[in-house]
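Hi there,

Here is the structure I promised to pass on to you. Have a look at it first, and then read my notes below.

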Amino acid sequence: MDRGTVGSAQSGRLLVEVRQEGSSAVVTPAGELDHHTADLLREPLDDCLSRGLSRLVVDCARLEFCDSTGLNVLLGARLKAEAAGGGVHLAGMQPVVARVFEITGADAVFTVHDTVEAALADDNGERDGRDGDG
């Protein structure tokens, strides 16, 4: 696999790391995703899309909180990625974050995986629902 660090952004409450894995970008937000930190995730997602990486895997394992603003960032990235022929895959969601997606119904519009590895292995289509390891 083509592994390379693409970039990172940080504030006191959110750190975002980006790396390329083959034809996918793996975006890892760590901390709290809310109104104050949303741009720290939006900008790297937009950057990946502008560089032609339309398949985004968001590793949520270290995401401790996500409010409606954070959810909107991910929904916006999903629309842009799908328009470019790709999609957004979510991986490793903690229960507190998964609950936000369940309550809002957003889990129905994302492909959700238990692990980043499963998300990277799922290259047989971009919106085929929850995978079997979840």
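S54 touches L49, A81, A84, G85, G86 and G87, leaving aside residues up to four places away in sequence; touching, or contact, means heavy atoms within 4.5 Å. You will find S54 in the loop between helix 1 and strand 4. Helices (H or I, at least four residues) and strands (E, at least two) are DSSP runs, numbered from the N terminus. S54 counts as buried because its relative accessibility is 16%. Buried means under 20% relative accessible area, exposed means over 50%, and partly exposed is in between (1.4 Å probe, protein chains only).

A word on where the values come from. This is a predicted model, in which local features need pLDDT of at least 70 and side-chain atom pairs count only at pLDDT 80 or more, while totals for chains, interfaces and linings use all residues. Residues are numbered from 1 along each chain as its sequence is written, and side-chain values use heavy atoms, with hydrogens and water left out.

Now the overall picture. The protein chain has four helices and seven strands, and from the N terminus on they run β-β-β-α-β-β-α-β-α-β-α. Of its 134 residues, 48% count as buried. Among contacts between residues at least 6 apart in sequence, 57% join residues at least 24 apart.

Next, helix 1. Its 13 residues reach 18 Å from the first C-alpha to the last, close to the 18 Å expected at 1.5 Å a residue (the expected span is 1.5 Å times one less than the number of residues). A38, L40, L41, P44, L45, C48 and L49 are buried in helix 1. Just after this helix, G52 takes a positive phi of about 90°.

How does helix 1 sit against helix 2? Two packed helices are described by the angle between their axes and the distance between the axes. The axes of helix 1 and helix 2 come within 9 Å and cross at roughly 10°. That makes helix 1 roughly parallel to helix 2. Here, axes are lines fitted to C-alpha atoms, for helices over the stretch in contact, and angles run from 0 to 180 degrees between N-to-C directions. Angles under 35 degrees count as roughly parallel, over 145 as roughly antiparallel, 65 to 115 as roughly perpendicular and the rest as oblique. On the helix 1 side, A38, L41, R42, L45, D46 and L49 meet T69, V73, L74, A77, K80 and A81 of helix 2.

Which residues touch the most other members of the largest nonpolar core? Of its 32 residues, they are L45 and F101. A nonpolar core is a set of buried Ala, Val, Leu, Ile, Met, Phe, Trp, Tyr and Cys residues joined through side-chain atoms within 4.5 Å. At least two residues of this core come from each of strand 2 (14-21), strand 3 (24-33), helix 1 (38-50), strand 4 (55-59), strand 5, helix 2, strand 6 and helix 3. Helix 1 supplies the largest share, six residues. Not counting residues up to four places away in sequence, L45 touches V27, L56, V58, V73, L74 and A77. Another core, of six residues, lies apart from it, and V57, V116, A119 and L120 are among its members.

F101 brings us to helix 3 (residues 95-104), where V97, A98 and F101 are buried. They cover an arc of only 100° around the axis, which puts them on the same side of helix 3; the arc is that of the directions from the helix axis to the C-beta atoms. These buried residues pack against strand 5 (63-66), helix 2 (68-83) and strand 6 (87-91). On the other side of helix 3, P95 and I103 are exposed; for P95, the relative accessible area is 66%. Just after helix 3, G105 has a positive phi of about 85°.

Two more residues to look up. G31, in strand 3, counts as buried at 9% relative accessibility. D34 is in the loop between strand 3 and helix 1, and counts as buried at 8% relative accessibility. Beyond residues up to four places away in sequence, D34 touches R13, F65, D67 and T69.

Best wishes, and enjoy exploring!
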